[in-house]
Amino acid sequence: MNIEIQHVSKEFNHFAALHDVTLEIPSGKLVALLGPSGSGKTTLLRVIAGLESPDAGRVIFEGRDVTALTPAKRKVGFVFQQYALFRHMTVADNIAFGMSVRKRKDRPNADVIRARVEELLGLVRLEGLGNRRPNQISGGQRQRVALARALAVDPSVLLLDEPFGALDAKVRKELRHWLREFHDTLHITSLFVTHDQEEALELADVVVVLNHGKIEQIGTPREVYERPASEFVHEFLGEVDRVALGGQSIYVRPHEWVVAPVAEGPHELEGTVISMHDAGPVVRFKVLAQEQTVSVELAPRDYRRMQIVIGDSIGLRRESREEAVVHKS
Amino acid sequence: MLKHRQLLPGFGLTLGFTVAYLSLLVLIPLAGIFVKTATTGFDHFIASAFDPRAIASYKLTFGISLAAALVNGFFGLIVAWVLVRYRFPFKKVVDSLVDLPFALPTAVAGISLATLYAPKGWIGSMFAPTGWIGSALVADGWIGRFFPPDGLAENGIKIAFTPLGIFVALTFIGLPFVVRTVQPVLEDLESDAEEAAASLGAGRWKTITRVVLPELTPAVITGVALAFARAVGEYGSVVFIAGNMPMISEITPLLIITKLEQYDYSGATSLAVVMLCVSFALLLTINAMQAWASRRSHGV
Amino acid sequence: MAATVSLRTSGGKPSRRGLQDPLWLRAILITLALGFLVLFLLVPLVYVFMAAFEKGFGLFLKSLSDPDGLHAIWLTALVAAIVVPLNTVFGLAAAWAITQFRFRGKNLLITLIDLPFAVSPVVAGLVFVLLFGRNGFFGPFLFEHDFKVIYALPGIVLATLFVTFPFVAREVIPLMQSQGNDEEQAALTLGANGFQIFWKVTIPKIRWALIYGIILCNARSMGEFGAVSVVSGMIRGQTNTMPLQIENLYNEYQTVAAFSFAAVLALLALLTLVIKVIIEARVQRQGNESGLPVSVPLVAANPVLR
C-alpha cells in the first residue's frame, strides 16, 4: 500500500516540528526516516499513524485521504520505542489483544485467535514464550513481541519508532538482519525511524533524511551516501572532510582517497601521516597536507602492502567519479 | 484552547464530569462561606472573627498546634532515623503502627486519650498528687521539696481538661507527618557523603550533625508544617480531652460548633473564614517548601 | 514529596557497613523513639480494647447489639456504601482526564482536588449547613418541599463525600502520571475503544493503588466525626453514625459501650494498616521482578493536610 504525505506541517508550542513535508512512500518498501533529534522524524511517523494530527496537509493511503481517521481505522501497526507492551498480560494475550477488542460480530473465535497467536510467535521466533510476562523476557524478545502484536491485526503499513534504540550493540545488529529478512518475507510497506545512519543505510530500501522538520533528501542508501544533496546530508551520513582542492571546497570521505607513495604521481594532495589506528575492518590514519588534516581509510591488505608508518610522506587523490560533489554554501 | 483533537477518547466526558463534581461538591460550597461573610458585612466579620473569645481560641489552637508540631519534629526525626538505620525486633510492626493516627477515627482517639489522661486514668493518675510522678512534685515530694512553699506542682499535674491535654491529643494526631516525610529522604540518602566524611577523619557524631542532618532539614520543616496544619483544624481527638472552657481551653473548631448550636450562623462563618485563610496560606507555603526542597536536592 | 499513609515502594537500601552509629547512641535513640511511640500510640490503642472488654466479652456484644447501636452501625455502613463508589468514580475520571490528555489548567485542577484536605472537618460540615440548613441558602426551598438534608442522611452523605473526596484520586493520579500512557496509545492503534482501553489496559496497571485508595476512602468515611457531627444533629436512632454514637455514649458515661464501638472502629483501622503492608509487599515484588521501571512511590505531589 503506498503512502502519500502532502504538505504536512505540525507545531508544538510554537516549535515547528514539521514544515511543509511532502513525500511519497512506495508500496512494499522498507523506508528509513533518518535524522538527528528534533528533526521531526518521530513526529512524521506519528502523523502517518494518526497519533498526531497535522496542523496542515494531508495523509493519503492508497489514494484514500486518511487524515481525519483514528489510528485504528487506518489499519497501521505501530511499534513504540519502549515497546509499550501491556505489562499485566502474557505475551500471548498481548499479541491477541488487537483481535480480542474487535466488535463481537467481527471477532474471531478463541481457537482462531489462539492459532494466529501461535503462528505469529513462530514468525518472530518466540515459540513457547506465550505464557511469559513482559518482565520475564529480554529486550530483544520484547521488541519482537511488540512487532507480532502489531502484525496480528493485519496492518497495511508497519511503523516502527526507533526499534533498536533500547538494545545493546550485539542484539541490535542481530535484530537488524532479522528485520530485513522479515520484511523480505512479508513485503508490508514499513517505515522506521532512526538517528543511526549506519542502521538506515544497512536496512532500508529508501532513506528519507530529515533535518529541522524538513526533508533534505530522499533516495536509495547508495544515492544519499554518494550523491548527498546538501552539506547536512553529506556530513550526517558518514565521516567526511572538507578539503580545499583546485580552488574549490570539496567533500571527500576517508575511503574515497587513493593512497600512493609520493613518487607515484599524480596526486591531488601530498602530506605526512601524523596518526594511525590499525584495528577492525579498516585502517584509519590522518594525513597533514598543507595545513589541512585529512582522514583516510584503507583496507588492511592495501595498508600492509604499502607498509605505511607514522611520519611517511604519501600522496592522495580521489577515486575518479563522474562528478565531484560540490555543495553551494 | 484546544487546537487539536485529543488522541484518546473520553476527554469531554471525564473532564466535564470531574469539573462538575468538583464544583458542586467542593468549590461552590466553599464559596458559600465567603459569600455569606460578604453579605453580612465586613464590620460584622471583623467583630465576630476577632472578639476576645475568638482570639483566645486562636491563641490556644495555633499555639498548642505549633508546640505539638515541634515536639513531633524532634521525636519524629528520631523515629524516622531509628526505623531507617537501625535493626531491632518487631521493626516492621512499629513501622506500620506509625500510620495509626492517620487511619484511626478521631473520636476513637479522642475518648481513649481523654480517659487515659483523666485524673483517674492510667496515665493521668501517675501525675495526680498520689501518683508516682505527681507525688514527687508536690511540696514534700523528693523533687518538690526544693521548691518551697508549694513544690513544683501543688496538686500534681492535671492533664485532661487542660491545655496540656490538648497538647497530648495534637501530638498524637501529628505523629505520622514528620516521620513519613523524613523517612523517604533518609532512605534515599546516598552513603557516599558520610563515607567521605568518615574517611576524612570526622567522628560519627560530627558526621551526623554536619553532613546528614542538614540534608534532612527541608523534610523536617515540611513535616512540621504538615503536622501543624493538621493540628490546627483538628476536632474529634481534641474535643473530649480539652476542657472546652471559653477563654481557657476552647479550640476554634469547637467555638464554631458552639456558635452553630446557637444559630449564630454568621459568627460561625466568620471564624470559618479565618480558619480557611490560614489553611490556604499553609497549603501554599507547604507547596512552596516542597518545591524548594526538591530544587535543593535535584539541583546538585 | 511524602504524604502520610501513601504506599512506599522505594524499598530500603541494603544495610550500611562501616557507618554504624556507636552503641550508646543507638541505645538512646531507640529508647527515645520506642518510648515516644509506646506512650503516644500503643497505649491509647491497647486501652481502647481493654476498656471495651473491661466487663467481659458479654457486655461488649450487648453494647453493640443495642437497637440504637445497631442502627448506628447500619447507618455508617450505608454512608460508606454510597460515598466510596461515588468518590472512586470521580477519582478514576479525574485521573483519566489528567493523565491522558494535554490541556491548560491541569496543575490548578490537581491542587483543587486536594482542597478538602486543607479544610477543617468542622468547616466542611459548616459549608453544607450554610447551604441546606433551615436558615441556609436552600433552606426555605427544602422546607417547603419537606426534604431534609441537614439532620438527615443526605447531609451526612454530602459532608462525608466532601471530606473523603481526594482519597482515590490522589493515590491513582501520581501512579498513572509516572506510568505514562504509551500502553494506552498502543491499545488505541490496535483498535480498542475508550472503555476497552480503560478496563483492559489502565485498570490492571493501577489496581493496587486503586484498591488502596478505596480502602482509605472507606476507612475515612466510616470514621469521620467532625464534619458529620455538625450536619447530623446527633439524633439517636436516626442520624447517629458510629463515631457520633461513641460520643453520645461517652458523654452519658456509658464507658464500656462507647469503647465497644470504638474497638470495632479501631479494628477497622488496624485492618487498613495490614492491607497497606500487604499491598506494599505486592508492589515491591512486582517492581523487583521486572526490568521495567518500578512504579514511583505512591505519593502525591501535593501535601496531605488531613
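How many bridges join strand β14 of chain A to strand β17 of chain A, and in which sense do the two strands run? In this predicted model, strand β14 (residues 269-279) and strand β17 (residues 313-318) of chain A run antiparallel and are joined by 4 bridges. Within this pairing, Leu269(A) has Leu316(A) in β17(A) as its bridge partner.

## Chain A overall

Chain A contains 10 helices and 17 strands. Along the principal axes, its C-alpha atoms occupy a box of roughly 80 × 45 × 35 Å.

Of the 329 residues in chain A, 37% are buried. When contacts in chain A between residues at least 6 apart in sequence are considered, 64% of them link residues at least 24 apart.

## The five-stranded sheet of chain A

The strands β14 and β17 belong to an open sheet of 5 strands in chain A, ordered β13-β17-β14-β15-β16 with antiparallel pairing. Strands β13 (257-261) and β16 (292-298) of chain A stand at the edges; each has a single partner strand, so one side of each lacks a neighbour in the sheet. From one strand to the next, the twist averages 45 degrees.

## The four-stranded sheet of chain A

Chain A also has an open sheet of 4 strands, in the order β2-β1-β4-β5 and with antiparallel pairing. Its edges are formed by β2 (15-25) and β5 (64-65) of chain A, and because each has a single partner strand, one side of each is left without a neighbour in the sheet.

At one end of this order, strand β4 (residues 56-61) of chain A pairs with β5(A) in the antiparallel sense over 2 bridges. Here Asp65(A) in β5(A) is the bridge partner of Ile60(A).

## Nonpolar cores

The largest nonpolar core comprises 257 residues, and Ile241(B), Leu126(C), Val172(C) and Ala262(C) have the most contacts inside it. Helix α3 (residues 52-85) of chain B supplies the largest share of this core, with 15 residues. Apart from this core lies another, of 10 residues, which includes Val252(A), Trp257(A), Val287(A) and Val296(A).

The surroundings of Ile241(B) can be described in detail. Leaving aside residues up to four places away in sequence, Ile241(B) touches Gly110(B), Leu113(B), Ala114(B), Tyr117(B), Ala160(B), Gly165(B), Ile166(B), Val168(B) and Ala169(B).

## Interface between chains B and C

Contacts between chains B and C involve 89 residues of chain B and 86 residues of chain C. On the side of chain B that touches chain C, 60 residues are nonpolar, 20 are polar and 9 are charged.

Note on methods
Residues are numbered from 1 along each chain as its sequence is written. Chains are lettered from A and ligands numbered from 1 in the order in which they are written. This is a predicted model: local features need pLDDT of at least 70, side-chain atom pairs count only at pLDDT 80 or more; totals for chains, interfaces and linings use all residues. Two residues are in contact if their C-beta atoms, placed from the backbone, lie within 7 Å. Ala, Val, Leu, Ile, Met, Phe, Trp, Tyr, Cys and Pro count as nonpolar, Asp, Glu, Lys and Arg as charged, and the others, Gly among them, as polar. Two strands pair if DSSP finds at least two bridges between them. A nonpolar core is a set of buried Ala, Val, Leu, Ile, Met, Phe, Trp, Tyr and Cys residues joined through C-beta atoms within 7 Å. A residue is buried if 20 or more other C-beta atoms lie within 10 Å of its own, exposed if 12 or fewer, and partly exposed in between; C-beta atoms are placed from the backbone. Axes are lines fitted to C-alpha atoms, for helices over the stretch in contact, and angles run from 0 to 180 degrees between N-to-C directions.
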